[in-house]
Amino acid sequence: MGSTHVQNYLNIDGVRIQAICDIVPEKVEQAQKRVTAAGQPNPSGYWKGPTDFVRMCETEDLDLIMTATPWNGMCLCA
């Protein structure tokens, strides 16, 4: 689902995708290529395991974080 969401956000004027996070490095790379092909700067990539989104949130200055995980995915709540 995440790759579909990336494409949907690329179709919205004024939206800039500045970070991509996934546990599969190849999916991060594919999303980065899709973003740059749309004429946006290369977004930062995070792929170092199921909790790397925490590093992304601590590192990036983001206005919105969209999470797409399977229903049986891990939930980390603070």
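1. Leaving aside neighbours within four places in sequence, Asp-52 is in contact with Cys-21, Tyr-46 and Trp-47, where contact means heavy atoms within 4.5 Å. Asp-52 belongs to helix 3, which covers residues 52–59. Helices here are DSSP runs of H or I with at least four residues, strands are runs of E with at least two, and both are numbered from the N terminus.

2. Before going on, a word on what you're looking at. This is a predicted model, in which local features need pLDDT of at least 70 and side-chain atom pairs count only at pLDDT 80 or more, while totals for chains, interfaces and linings use all residues. Residues are numbered from 1 along each chain as its sequence is written, and side-chain values use heavy atoms, with hydrogens and water left out.

3. Back to Asp-52: is this residue buried or exposed? Its relative accessibility is 5%, so Asp-52 counts as buried. The scale works like this: buried means under 20% relative accessible area, exposed means over 50%, and partly exposed lies in between, using a 1.4 Å probe and protein chains only. The side chain of Asp-52 also has a polar contact of 2.7 Å with the side chain of Arg-55. A polar contact is a pair of N or O atoms within 3.5 Å; within protein, one must be able to donate a hydrogen and the other to accept it, and residues adjacent in sequence count only if both atoms are side-chain atoms.

4. Now for the overall layout. The chain has three helices and two strands, and from the N terminus on the elements run α-β-α-β-α. Buried residues make up 21% of the 78 residues in the chain. Take the contacts between residues at least 6 apart in sequence: 56% of them join residues at least 24 apart.

5. How do helix 1 and helix 2 pack? Helix 1 (residues 2–10) and helix 2 (residues 25–37) meet at an angle of about 15 degrees, and their axes are 10 Å apart. The axes are lines fitted to C-alpha atoms, for helices over the stretch in contact, and angles run from 0 to 180 degrees between N-to-C directions. On the helix 1 side the contact is made by Ser-3, Val-6, Gln-7 and Leu-10, and on the helix 2 side by Ala-31, Arg-34 and Val-35. These contact residues divide into four nonpolar, two polar and one charged.

6. Have a look at Gln-40, in the loop between helix 2 and strand 2. Gln-40 is buried, with a relative accessible area of 15%. What does its side chain reach? The side chain of Gln-40 gets to the backbone oxygen of Val-15 at 2.9 Å and to the backbone nitrogen of Ile-17 at 2.8 Å. Beyond its neighbours within four places in sequence, Gln-40 is in contact with Leu-10, Val-15, Arg-16, Ile-17 and Val-35.

7. Gly-45 sits in strand 2 (residues 44–46) and counts as buried at 18% relative accessibility. Its C-alpha atom is 8.4 Å from that of Pro-25, 20 residues away along the chain.

8. Finally, Trp-47 lies in the loop between strand 2 and helix 3. Trp-47 is partly exposed, with a relative accessible area of 40%. Not counting residues up to four places away in sequence, Trp-47 touches Asp-22, Ile-23, Pro-25, Val-28 and Asp-52.

Key:
Ala, Val, Leu, Ile, Met, Phe, Trp, Tyr, Cys and Pro count as nonpolar, Asp, Glu, Lys and Arg as charged, and the others, Gly among them, as polar.
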